[in-house]
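Trainee: I would like a close look at a single part of this assembly. Please take the contacts of one chain with its neighbours.

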Amino acid sequence: MNSLTIFMNALLVLVAVTGLLVALARNPRRQVFLGSLFGTELALLFFLWQAPDVAVAELAVGGLVLPALVLLTLARVEGRSK
Amino acid sequence: MNHFPEVIAAWLFVVGLYGIVTSRHLVHLVMCLGIIQAGTYLLLIAGGYRFPPAAAPIFETAEQTTLTSVDPIVQALTLTDIVVGAAVTALLLAITIQIHKSTGNLDPQELRLMHRP
Amino acid sequence: MIALAPLPVVVPFLAATVLLLVTPFRHRGLFDLFSVSVALTAAGLCAVLALQSAVHPIVYWFGGWRPRGGVALGIAFVVDPLGAGLATFVAVMVAATLAYSWKYFKAIKALYHAQLLLFLGAATGFCLSGDLFNLFVFYELMSVVSYSLTTYQSDQKSPLIGGLNFAVTHSIAGALLVAGGIGTLYGRTGALNFEQVGRALENGPVDQVVVLSLTLILVGFFAKAAVVPFHFGHVDAHSVAPTPACVLFSTVVIQLGIYGAWRVYTTVFWGALAAHQEQVQAVFFWAGALSAVLGGVMCLLQRHLLRMLAFSAVSHVGMLLVGTAAFTPDALAGGVVYIVAHGVTTGALFMCAGLLLHTWSSLDELELRGRGRSFPWSGTVFFVAGLAVSGLPPFGMFLAKTMLESAVPPAHQTIARFVFLLSSTLTGAAVLRAAGRIYMGWGSVQTPEAVAPTGEEKKETLGRTRPIVMQLTATILLLLGLLAGQSSHAGTVAKLAGERFLDVRTVREAVLGQPVNWPAQTVSPPQLTWSAVRFGMSTVAAALTLAALSLLYRRRQNEWYRYVRFSWRALVVGLNALHSGRVSDYVLWLMAGVFGLAVYLRFVLM
Amino acid sequence: MMERFRQIVALVLGMGLFTLLIWGWSALPNFGNYPGPNGDIVNRSARAERQVQNAVAAVVFDYRGFDTMGEEFIFLATVMGVSLLLRKPGRTTDEQAEGEQVIRKAANQPVDSNDAARTSGLVFVGLLVVLGAYVALHGHLSPGGGFQGGAIVAGGWLLIYLVGGSEMFHRLSSVVILDRVEALGVAAFILCGLVGWLLDGRFLGNWMPLGQAGRLGSAGTIFALNVLVGITVGAGFILLLREFIKHLDEVAPRRRP
């Protein structure tokens, strides 16, 4: 195990934990931020795995556009109930 | 630890499924679907990696093509998969908004398709 | 010679983008005319491909990336008569659906037409593709279009919930199961081309990787094919989607799911599992038997017309699986005739139901009692289609069932016969009962089905919709169903197609090696014996009797009768409760299905 | 009660599935031992044959360009589906676009956006759009490509909404134009493939001059398709955002009376 593998495995554990937190989070708003974090971690992992194309795509989509869509949805569905 | 990435991919699949089954909010359900999709990305990309640390499949000079690199095909597949995942997520979110509009309820356990006479 | 292979996909796709671009010149009739002619063009192209591929398998490499030393870098279309024939059928069904929806919906730009054309391109691509990931892409495109067709009436509650259930279960099936299975196979073989993956698996051991990928891919396609217990999301969507979409869901989408399973199994896993064929085929057989029986029973218990027809489709897909589980050329030939004949006949039924919805804004059999009297024409079509569904000679369904039945290996004959009899009787009886109740006004409203779930329908059509066009399309489809029953033509062609589909060696040589012709082969037309006709007539008689019994049902104070009524009601309530409409239950079924199948395959294959 | 039961069943099945997947995948090659051969062949030959530096772009737009075409249509179908879903009932979407011009006067403004914040925000919009265009244009040379670039541009557009409010966002993203742009992008993708088919029967074949690897206009159709995908994806994502923001406007006045 060199430092690179340690870093990879640590990142994998982080991804696993964040994924679990997203699934267990009951508050959708917190979930969006966790989800965005999850996407960013995945992107970092893909950078490490020498997949920069996928990493950029995941960063743009999973870290930015999709969380934005989710936030817009949440604003819409919670707006009326308040 | 030879298959650690696959273990994490399996974990993400199962966590996502558990989240969907126990979900009480449609937005939460959609996010859990995203976790399952992330499991697929991990599985694919991990399958193309190489030790000792190989280079990314980007070749600025012709000499670099002779070095060992990681698999570009899985990366292309994952890109396609990300688009598909984003597409499905967007559609489901739109359905969520409409469901909220017509029923005012977003709990998947309480949404019923047809009524009992 | 010009390579036509990409055109059946490219033409509808291009036409869809054209429709989106010319929106300013809004003219509804023009959209209808344009899209129907595009679908017919695609059908013609597919038919030409089918004829061409009768001589030799057509292998088309996109971008000209031919395999190098047996390694396929590009994507191939591998066209054989069976796949191309199925693609033709799909195109004809889409054309019929488009013709049926002539001035049907309020036009929202040309989005409806564009969606249907995208669906067509995806479905033909699915039939012709010879690459695992490409197959997945078309699978997903079909799914995405299906979701948005289901939710077309986005201001109503039930289409949205039905669409949600459909989308969630299918996305899991696509993303987790099919994509996961492909990823697993890629991890082992490093390839995506069917033949290359198949060759690599053949040279390797039958181990966990094979078991897991087979499980994931089979369940993924079974979920697409509405096989019990993965049919829930389908039934929900079929009962709430706009009628034209339902036609395609019940006659094309689920059958393509079966076709996908055939295609992947026979190319990718065939060689590797040569020693275990019986054990794998048992999966097809028993999954089919379960679907056929449960679907049939559920079909009879419904009062909502579209839901009833959806369960009928589930039951028929089950019969299809039972009949083709042996994977012999004759079995697959019967399967193809079955898909076509079932498609056109059930399509006619759906179209008649759509006319009722257009006129009365209801799809409830009990509410509609006697209201169909003003439509003697479509009433006749509905009734005759009901007889055809239960297996009346000389309709296509009868020929197909006979071919399927004779292809079942002797060891399973008894069970298969029983399943066929039960399923045909139950689905036929349900349709005939509905025909009697709606178009003749027979029967009482206080029947056991009254406790089945039902929906509130709103009209999806416009005032300008033409009932005559709807009835005409339904009639044409029914006549096509009659045409498909001509054993000397349809049967022979199908048998030859079945032989080609299973000629694994020739296809592999054509894909990874040099172009080859099919070996010379002659087939005899399927034999229609008197005993087959007798069997067909007896299922029809049984269906008519059952329908009559349920129409004659009256409340009586008899002790024995009360017991029957009680258990019948319990069955209705219990089975309908199983179909809870909750997406989380459906996901649990999916998980259980994957787990169960994997455990079974683990013990029989390793 | 029922819910508890469902949780337990999900846990049990989930654990079973977890074991199953790990059991199955444990027979795959160890992590870091990608066996080939397809990827290696692509890596060795793509640069010489297609004058492309990024092998992933070569796979996406050339070797497996047909998949990408399907993917484009999945994206198109989604945008169509979302605009169908989120339309106002009873009106066609074009009429709706005209009608909204009026409604939007009352649309919401971000709470604390003073002019300085808005101006500096808009600078970032420009930066993101330029970055997105750069990523899309250089997909065949460096990491990134049409899809990534398009998504980044859409992110920039989102910033317009954040700093300028929905009024400015809607004014800058006309549905009439974006719809056409998106459809044109996809149509051009197909037409580019059809030209290859007409020239020598290879659909999506690389028929443009290949140029010199490392230059901007190199790699033939890989470059062209990359740009087209960028245009389609950018327009599509902006349309998606627009549909969602449009719905927000309906509740916004109610939220802050």
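Trainee: How many residue pairs are in polar contact between chain C and chain B?

Mentor: The count is four residue pairs between chain C and chain B, both residues at pLDDT 80 or more. A polar contact is a pair of N or O atoms within 3.5 Å; within protein, one must be able to donate a hydrogen and the other to accept it, and residues adjacent in sequence count only if both atoms are side-chain atoms. Helix 5 (132-150), helix 6 (157-189), helix 9 (232-240) and helix 22 (583-605) of chain C each give two or more residues to the side that touches chain B. Helices here are DSSP runs (H or I, at least four residues), numbered from the N terminus. Helix 6 of chain C gives the largest share, 18 residues. By type, that side of chain C has 25 nonpolar, 20 polar and eight charged residues. Ala, Val, Leu, Ile, Met, Phe, Trp, Tyr, Cys and Pro count as nonpolar, Asp, Glu, Lys and Arg as charged, and the others, Gly among them, as polar.

A word on the basis. This is a predicted model, in which local features need pLDDT of at least 70 and side-chain atom pairs count only at pLDDT 80 or more, while totals for chains, interfaces and linings use all residues. Residues are numbered from 1 along each chain as its sequence is written, chains are lettered from A and ligands numbered from 1 in the order in which they are written, and side-chain values use heavy atoms, with hydrogens and water left out.

Now the extent. In chain C, 53 residues are in contact (heavy atoms within 4.5 Å) with 36 residues of chain B. The two chains bury about 3800 Å² between them, 77% of it on carbon and sulfur atoms. Buried area is the accessible area (1.4 Å probe) that two parts lose on being put together, summed over both. The rule finds zero salt bridges between chain C and chain B. A salt bridge needs a side-chain nitrogen of Lys or Arg within 4 Å of a carboxyl oxygen of Asp or Glu.

Turn to chain D. Here 75 residues of chain C are in contact with 65 residues of chain D. About 6100 Å² is buried, and carbon and sulfur atoms give 72% of that area. C:Trp65, C:Leu73 and C:Lys109 lose the most area in chain C to chain D, together 10% of what that side buries. Three salt bridges cross the interface of chain C and chain D. C:Asp131 forms a salt bridge with D:Arg64, with the closest N and O atoms 2.6 Å apart.
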